[in-house]
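Dear colleague,

Please find below the structure that I am handing over to you.

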Amino acid sequence: MRGAYLKIFALAVAAAPLAAGPAAAICWLGCGDPTEAHARKIFENLLPQRFDKPGKILEFKQTMSEPLEMHATGEKGYEIFFNAKVQFPEGANLDCKPDDGGKFKDGCSPSKHYVTSPRQSDPKGKQYVAPGETVAFDEEYRFYEDPNGWKGPDGNVYRQ
C-alpha cells in the first residue's frame with residue numbers, strides 16, 4: 001500500500017509543472033531564461049537606432065544575469081548585464097560634432113556614457129562618435145515574461 005502512495009505522490013510531483021501550462025513546464029526543466037546570444041541580438045538591433053553609421057562589434061560579454069519579480073504586479077522579468085566594444089570606422093552622428101568652442105547643437109548630447117537602451121538617467125539626444133573611434137558600452141537589458149518567451153527592450157520576443 002505504501003508503494004502505491006509513493007507512486008501517486010511521484011506522479012503528482014511530475015505533473016504539477018504541466019498544470020501550470022506548457023511554457024512553465026518547459027522552464028521548470030531549466031531551459032527558459034534569456035541568454036547572452038539574445039542580449040547580443042538585441043544590441044545588434046538597437047545599435048542602428050542610436051547611431052546613424054554602421055559599427056563593428058569587437059567584443060560582447062555578459063557579466064551577470066538575474067531573475068526579477070515585480071512584487072506589485074507579480075510579473076516576472078530577467079536582467080542581463082553586459083560589456084561591449086564597438087568600432088565606428090566612419091564615425092556616427094557626425095552632425096553632432098561639437099563646434100570649436102566645444103558646444104553641442106540642440107538635440108545632441110555631450111555625454112560619453114554610451115547606451116543602446118536608455119533609461120531615465122541615461123543621455124538624451126544623439127551622441128557624436130569620431131571616425132575610427134571605439135566606444136565602450138556597460139549596460140543591462142531587462143526582459144519581461146511573455147506567453148511565447150521573453151520580451152526584450154527591442155520589442156521582440158526571444159525563446160530558446
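**Findings**

The side chains of E79 and R142 are joined by a polar contact of 3.2 Å (a pair of N or O atoms within 3.5 Å; within protein, one must be able to donate a hydrogen and the other to accept it, and residues adjacent in sequence count only if both atoms are side-chain atoms).

Please note that this is a predicted model, in which local features need pLDDT of at least 70 and side-chain atom pairs count only at pLDDT 80 or more, while totals for chains, interfaces and linings use all residues. Residues are numbered from 1 along each chain as its sequence is written, and side-chain values use heavy atoms, with hydrogens and water left out.

E79 lies in strand 2, residues 76-87 (strands are DSSP runs of E of at least two residues, and helices runs of H or I of at least four, numbered from the N terminus). E79 counts as buried because its relative accessibility is 5% (buried means under 20% relative accessible area, exposed over 50%, partly exposed in between, with a 1.4 Å probe and protein chains only). Leaving aside residues up to four places away in sequence, E79 touches M64, S65, E66, L68, R119, E140, Y141 and R142 (contact means heavy atoms within 4.5 Å).

Strand 2 is joined to strand 1 by 12 bridges, and the two run antiparallel. Within this pairing, M64 stands opposite F81 in strand 2. An open sheet of five strands has the order 1-2-5-6-7, with antiparallel pairing (two strands pair if DSSP finds at least two bridges between them). Its edge strands, strand 1 and strand 7 (157-158), each pair on one side only.

The largest nonpolar core has 23 residues, and F43, L47, F51, F88, F137, Y141 and F143 have the most contacts inside it (such a core is a set of buried Ala, Val, Leu, Ile, Met, Phe, Trp, Tyr and Cys residues joined through side-chain atoms within 4.5 Å). Helix 3 (36-50), strand 1 (56-69), strand 2 and strand 5 (134-146) each supply at least two residues of this core.

N93 is found in the loop between strand 2 and strand 3 (108-109). Although N93 is not a glycine, it has a positive phi of about 50°. Most residues other than glycine have a negative phi. N93 is buried, with a relative accessible area of 2%.

The chain averages a pLDDT of 85, and 81% of the residues score at least 70 (pLDDT is the predictor's confidence in each residue, from 0 to 100). Over residues 9-13 the pLDDT is below 50, and this stretch has zero contacts in the model beyond near neighbours in sequence.

Yours sincerely
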